[in-house]
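Please keep the sequence and the structure in view while reading.

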Amino acid sequence: MRTLKFLLQKEFLQIFRNKALLPMMFIAPIIQLLILPQAANYTIKNINLSVVDFDHSPYSRRLADKIFSSGYFHSSGYPASAAEAIRLIEKDKADIILTIPLGFEDKLIKEGSQKVGVQVNAINGVKASVGNNYLSSILSDFNNDIRMEWLQPSRISNQPSIEIVSSYWYNPMLTYYIFMVPGILVFLVTLIGGNMTALNIVKEKEVGTIEQINVTPVRKSQFILGKLIPFWILGNVIFTVGLLIAWLVYGIIPLGSIPLLYLFAGVYLFALLGFGLLISTYSETQQQANSMIFLFVMIFNLMGGLFTPIESMPDWAQVITHVIPISYFIEVMRMIVLKGSGIRDILYHIGVVFSMGIILNGWAILNYRKTS
Amino acid sequence: MSETKEVLIHADKLSKHFGDFVAVDEISFDVYKGEIFGFLGANGAGKTTAMRMLCGLSTPSSGQATVAGLDVYRKPEQIKKNIGYMSQKFSLYEDLTVMENIRFFAGIYGLSDKQIKEKSANLVGRLGLEKEAKKLVAGLPLGWKQKLSLSVALLHEPKIVFLDEPTGGVDPVTRKQFWDMIYEAAESGTTVFVTTHYLDEAEYCNRISIMVDGKIEALDSPEGLRKTYSAKNMDEVFYQLARKATRQAD
């Protein structure tokens with residue numbers, strides 16, 4: 001115990017003396033939590049739409065006005081010909097082209113139906129399909145408007161129709177912040193926590209101080225605890241800073257219990273720091289450690305369920321997500337913060353992540369050798 | 001020295017292989033209590049590897065060795081309680097102050113708060129570091145750093161202290177002071193095991209061994225070696241032996 005006290009004392013002295021570490025720990029998460037959620041926004045806006053209007057009639061103009069007034073579309077001009085419109089797509093100036101044929105109004109009035117052409121630039125698949133959906137629903141709306149004007153009210157009431165009323169649970173306004181902020185916070189804790197732990201030990205290797213420790217009677221477990229505890233505390237501090245930002249800036253107050261959040265964060269940090277320690281035992285230089293962390297962080301980032309739902313990943317990818325601790329924390333964060341889940345709902349997650357922590361830390365202790 | 005010399009380090013055909021490379025090749029020697037034992041050799045001769053095996057930092061590939069009566073294979077952690085070690089590379093914490101370093105190392109060697117207080121005040125006083133006690137070690141001149149390292153390695157009054165090229169890059173005056181400290185330690189009963197490639201320093205040792213290509217080629221007192229090789233000084237002894245080396249220096 002006494003040895004551990006000296007190890008901890010030394011570690012904290014060094015952490016507070018490190019001019020790069022503290023800003024990295026606090027300023028980075030603050031800035032990133034302010035910027036990232038704004039950028040990681042799935043609401044597709046500003047779709048560039050070019051309307052090729054061959055008709056130039058009041059109805060065609062009304063249709064175009066309706067589309068642009070929706071707020072999702074941005075006019076990228078009214079090309080005079082189809083060829084010109086295609087050129088706009090090629091130059092990436094237009095995402096969607098709406099072609100209103102000649103005689104649109106005439107045919108609409110006389111025959112009661114008309115076709116319009118929609119061409120979509122599908123390089124960005126999400127933008128293309130979402131844009132197409134928006135456009136389709138505006139067109140069908142327009143369709144209804146016209147029918148309302150032309151048909152007698154009595155006839156409409158006779159028409160059977162099903163109206164769909166949706167209500168969105170847990171995030172009624174479908175605000176992306178609410179969905180993204182808890183996830184991004186987890187990601188930041190992971191990035192900073194994992195990085196700090198791994199680099200810290202590797203730095204001792206590089207400088208040679210670890211050898212001076214290895215020649216003392218300090219036990220491996222004491223040394224590792226002396227590294228784990230300070231970074232575990234710092235990880236919790238970063239997590240707290242993040243929660244405060246989520247509350248102050250985004251107004252996100254966890255629906256579920258805050259102590260439960262910390263319980264899970266504590267277990268998660270235990271596993272995460274074990275992972276950092278493990279990387280440090282396999283690297284000789286900070287450069288090596290950094291590139292290993294980079295590799296894993298990329299995988300965590302793309303497969304942890306932060307940006308894309310795990311459920312829609314292919315089966316083999318879903319298997320991988322089961323061994324990535326971050327995927328459990330992101331899920332638990334969203335469960336507790338948005339749904340107000342209780343301890344029973346996350347017992348499974350706690351169990352899995354805790355086991356991971358035991359394995360990772362155990363592996364790190366085994367792999368850390370005082371004697372080569 | 002009397003006949004009832006207590007053996008503190010005993011090595012018997014101790015070897016270390018790294019793959020095909022034999023860094024240390026069946027070295028055998030004894031080091032006695034209170035002795036200053038010099039370990040000489042060119043760069044890459046295997047001095048540091050041999051020393052690391054004795055300190056429990058590296059497991060031997062074959063052969064036997066005991067340090068302070070403890071087996072290097074079975075009791076490396078016990079050995080660590082009995083030894084002090086100062087590596088080639090300065091390895092105190094540069095981002096801690098002089099005082100904090102002393103406190104830390106004294107603490108992990110298990111000294112009590114009272115001992116730590118006394119020892120650190122005493123140490124700082126002897127080194128004349130009163131003004132620097134609260135400054136970061138990073139800012140100290142190299143000579144002072146080395147003297148501080150040695151003092152820290154001796155803090156817990158080990159039976160044996162291992163010094164790996166302690167005076168590398170240090171000016172002659174500081175080297176002299178450093179050797180005064182080594183003598184002081186030896187007089188108080190600590191056995192000193194020191195590697196060096198400064199041949200004038202070899203004269204300060206009670207006995208020296210000269211390593212060439214992983215083997216101990218000569219082991220005697222400085223006078224004894226001069227006589228055997230009919231040399232005027234250690235330089236000549238060393239050149240006669242080192243000429244045989246085939247291994248490239250690192």
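## Tyr183(B) and its surroundings

Apart from its neighbours within four places in sequence, Tyr183(B) makes contact with Ile36(B) and Tyr204(B). The model is a predicted one, and in it Tyr183(B) belongs to helix 6 of chain B, which covers residues 172-187. With a relative accessible area of 31%, Tyr183(B) is partly exposed. Although Tyr183(B) and Glu35(B) are 148 residues apart in sequence, their C-alpha atoms are 9.7 Å apart in space.

Beyond the neighbours within four places in sequence, the residues in contact with Thr167(B) are Arg175(B), Phe178(B), Trp179(B), Tyr198(B) and Glu201(B).

In soluble globular proteins, nonpolar side chains tend to be buried together. Here the largest nonpolar core has 163 residues, and the members that touch the most others are Phe29(B), Leu148(B), Phe162(B), Phe193(B) and Ile210(B). A second core, separate and made of 20 residues, includes Tyr59(A), Phe104(A), Leu135(A) and Ile138(A).

The contacts of Phe162(B), leaving aside neighbours within four places in sequence, include Ile9(B), Met51(B), Leu54(B), Cys55(B) and Val67(B), and also Ile83(B), Gly84(B), Tyr85(B), Met86(B) and Phe193(B).

A disulfide is a covalent bond between the sulfur atoms of two cysteines. Over all chains, the structure holds zero disulfides. Cys55(B) takes part in none, and the nearest cysteine sulfur, which belongs to Cys205(B), is 16 Å away.

## An open sheet in chain B

Strands of a sheet pair through backbone hydrogen bonds, either parallel or antiparallel. In chain B, four strands make up an open sheet in the order 2-1-4-5, with antiparallel pairing. Strand 2 (21-32) and strand 5 (70-71) of chain B are at the edges, and because each has a single partner strand, one side of each is left without a neighbour in the sheet.

Within this sheet, strand 1 (residues 7-18) and strand 4 (residues 62-67) of chain B run antiparallel and are joined by five bridges. Asp12(B) stands opposite Gln64(B), a residue of strand 4 of chain B. Helix 1 of chain B, residues 47-54, lies across strand 1, strand 2 and strand 4 of chain B, and runs at about 120 degrees to strand 1 of chain B.

Chain A is divided into domain 1, which comprises 2-40 + 176-367, and domain 2, which comprises 47-158. The C-alpha centres of these two domains of chain A lie 49 Å apart.

Strand 1 of chain A runs parallel to strand 2 (residues 73-75) of chain A, and three bridges join them. Asn48(A) has His74(A), in strand 2 of chain A, as its bridge partner.

Key. Residues are numbered from 1 along each chain as its sequence is written. Chains are lettered from A and ligands numbered from 1 in the order in which they are written. This is a predicted model: local features need pLDDT of at least 70, side-chain atom pairs count only at pLDDT 80 or more; totals for chains, interfaces and linings use all residues. Side-chain values use heavy atoms; hydrogens and water are left out. A disulfide is a pair of cysteine sulfur atoms within 2.5 Å. Domain bounds come from an automatic or database domain assignment. Helices (H or I, at least four residues) and strands (E, at least two) are DSSP runs, numbered from the N terminus. Buried means under 20% relative accessible area, exposed over 50%, partly exposed in between (1.4 Å probe, protein chains only). Contact means heavy atoms within 4.5 Å. A nonpolar core is a set of buried Ala, Val, Leu, Ile, Met, Phe, Trp, Tyr and Cys residues joined through side-chain atoms within 4.5 Å. Two strands pair if DSSP finds at least two bridges between them. Axes are lines fitted to C-alpha atoms, for helices over the stretch in contact, and angles run from 0 to 180 degrees between N-to-C directions.
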